[in-house]
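Subject: Structure handover

Hello,

Here is the structure you asked for, with notes on what turned up in it. Please keep it open while you read.

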Amino acid sequence: MAALAGPCWAATGAEPPRTLTVGYYDFPPAIYSDSQGRPKGPVVDLTRRVLEHAGYQARFRGLPSARLYAALKDGTIDLWPGAPGKPELQADTLEGRETLAQISLNLYYRADTPTPKVPESLRKRGVIVIGGYNYWPQVNRMLSDPKLEIRLHRTSNHASALEMLKHRRADYLLDYAVPINQAVQRLAMPELQHVELQKLAVRFIVSRHADGSRTIIEALDRAYAELVAAGEDVSLPE
């Protein structure tokens with residue numbers, strides 16, 4: 001009976017679906033590792049659905065961002081549902097056409113702080129950033145511009161970043177909307193005022209070193225488009 005309940009690949013002669021290793025770093029609540037180290041979040045669910053529709057299986061592997069990028073470069077990670085256009089990955093990856101979601105990178109400030117003008121309002125001010133996050137080149141250039149003399153205050157998580165801003169450890173907080181919104185709700189804090197610095201797409205990024213990388217990215221784009229055309233709900237939280 002157990003044999004009847006299992007996969008029927010041997011009986012039919014069909015090959016089992018190829019497994020792709022999907023890399024990610026914690027970006028709660030969209031994608032993150034739970035207390036048992038298991039991948040969770042709507043991006044995990046959507047990636048599984050698209051891969052299955054394209055004829056693949058997913059094996060998720062959580063990594064810090066720097067190690068994830070290195071794994072895409074050497075092919076130990078096949079796929080990353082992330083943001084396209086990173087210069088350090090362009091030579092080693094293929095980017096999908098389909099946009100899975102849009103994420104906002106914002107500059108947050110307290111209610112008693114005037115609305116900042118970027119970048120001039122940041123001159124000689126303290127800005128809180130999350131350790132391990134890799135921002136876009138133009139944002140990194142702004143943060144490291146010696147003429148601005150920005151003082152960076154690093155912390156390991158979004159909740160501590162909010163507490164630092166609340167208790168005036170710095171003037172501004174640079175962070176993404178999705179994890180900050182979750183942290184604000186969890187801490188029962190009032191919604192923060194912010195200025196949007198960038199709107200970033202989330203797409204499938206495939207390592208060029210994965211076997212058949214071009215076939216993979218085309219299959220995933222096609223599978224996502226077919227789910228949309230079929231009326232499936234593939235929306236993700238913005």
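Strands here are DSSP runs of E with at least two residues, numbered from the N terminus. In that numbering, Asn-106 sits in strand 7. Please bear in mind that this is a predicted model.

Overall picture

The protein has eight helices and eleven strands. Its C-alpha atoms fill a box of roughly 70 × 40 × 35 Å along the principal axes. Of the 238 residues, 46% are buried. Among contacts between residues at least 6 apart in sequence, 75% join residues at least 24 apart.

The core

The largest nonpolar core contains 77 residues, and Tyr-135 and Leu-220 have the most contacts inside it. Helix 8 (residues 213–229) gives this core its largest share, seven residues. Leaving out residues up to four places away in sequence, Tyr-135 touches Leu-105, Val-129, Ile-130, Asn-140, Leu-143, Leu-174 and Tyr-176.

What does the side chain of Asp-221 reach? Asp-221 belongs to helix 8 and is buried, with a relative accessible area of 3%. Its side chain reaches the backbone nitrogen of Arg-97 at 2.8 Å and the backbone nitrogen of Glu-98 at 3.2 Å. Beyond its neighbours within four places in sequence, Asp-221 is in contact with Gly-96, Arg-97 and Glu-98.

Asn-106 counts as buried because its relative accessible area is 2%, and the cut-off for buried is under 20%. The side chains of Asn-106 and Tyr-108 are joined by a polar contact of 3.0 Å. Neighbours within four places aside, the contacts of Asn-106 are Leu-173, Leu-174, Asp-175, Ala-177, His-194, Val-195, Glu-196 and Leu-197.

Pocket and cavity

The largest pocket holds about 230 Å³ of space. It is lined by 17 residues, of which Tyr-108, Ala-177, Asn-181, Glu-191 and His-194 are the closest to its centre. Strand 7, helix 7 (177–186) and strand 11 each supply at least two lining residues, and the largest share, six residues, is from helix 7. By class, the pocket lining has seven nonpolar, six polar and four charged residues.

There is one cavity of 30 Å³ or more. The largest cavity has a volume of about 290 Å³. Its lining consists of 21 residues, with Phe-27, Pro-81, Gly-82, Ile-103 and Val-202 the closest to the centre. Two or more lining residues come from each of strand 5 (79–82), strand 7 (101–109) and strand 11 (193–207); strand 5 has the largest share, three residues. The cavity lining divides into 18 nonpolar residues, two polar and one charged.

Helix 6

Which residues of helix 6 are buried? In this helix, residues 158–166, they are His-158, Ala-159, Ala-161, Leu-162, Met-164 and Leu-165. An α-helix has 3.6 residues a turn, so residues three or four places apart point the same way. The buried residues of helix 6 pack against strand 7, strand 8 (126–130), strand 9 (151–155), strand 10 (172–176) and helix 7.

After the helix comes Arg-168, which has a positive phi near 65 degrees.

Backbone points to check by eye

Most residues other than glycine have a negative phi, and most peptide bonds are trans. The places below depart from that.

- The peptide bond from Pro-28 to Pro-29 is cis, with omega near 0 degrees; Pro-29 is in the loop between strand 1 (18–24) and strand 2 (32–33).
- The peptide bond from Val-118 to Pro-119 is also cis, with omega near 10 degrees, and Pro-119 lies in the loop between strand 7 and strand 8.
- Lys-124 is not a glycine but has a positive phi of about 60 degrees. Lys-124 is in the loop between strand 7 and strand 8 and counts as exposed, at 51% relative accessibility.
- Glu-149 has a positive phi near 55 degrees. Glu-149 is in the loop between helix 5 (137–144) and strand 9 and counts as partly exposed, at 46% relative accessibility.

Regards

Conventions. Residues numbered from 1 in each chain as written. Predicted model: local features only at pLDDT ≥ 70, side-chain atom pairs only at ≥ 80, totals over all residues. Heavy atoms only, no water. 1 Å grid on protein atoms, 1.4 Å probe; cavity = no way out; pocket = protein on both sides within 12 Å on 5 of 7 lines; lining within 4 Å. Points joined across faces, edges and corners; volume = space filled by probe spheres on them. Helix = DSSP H or I, 4+ residues; strand = E, 2+ residues; numbered from the N terminus. Nonpolar A, V, L, I, M, F, W, Y, C, P; charged D, E, K, R; others polar. Core = buried A, V, L, I, M, F, W, Y, C linked by side-chain atoms within 4.5 Å. Buried < 20%, exposed > 50% of the residue type's maximum accessible area, 1.4 Å probe, protein only. Contact = heavy atoms within 4.5 Å. Polar contact = N/O pair within 3.5 Å; in protein donor to acceptor, adjacent residues only side chain to side chain.
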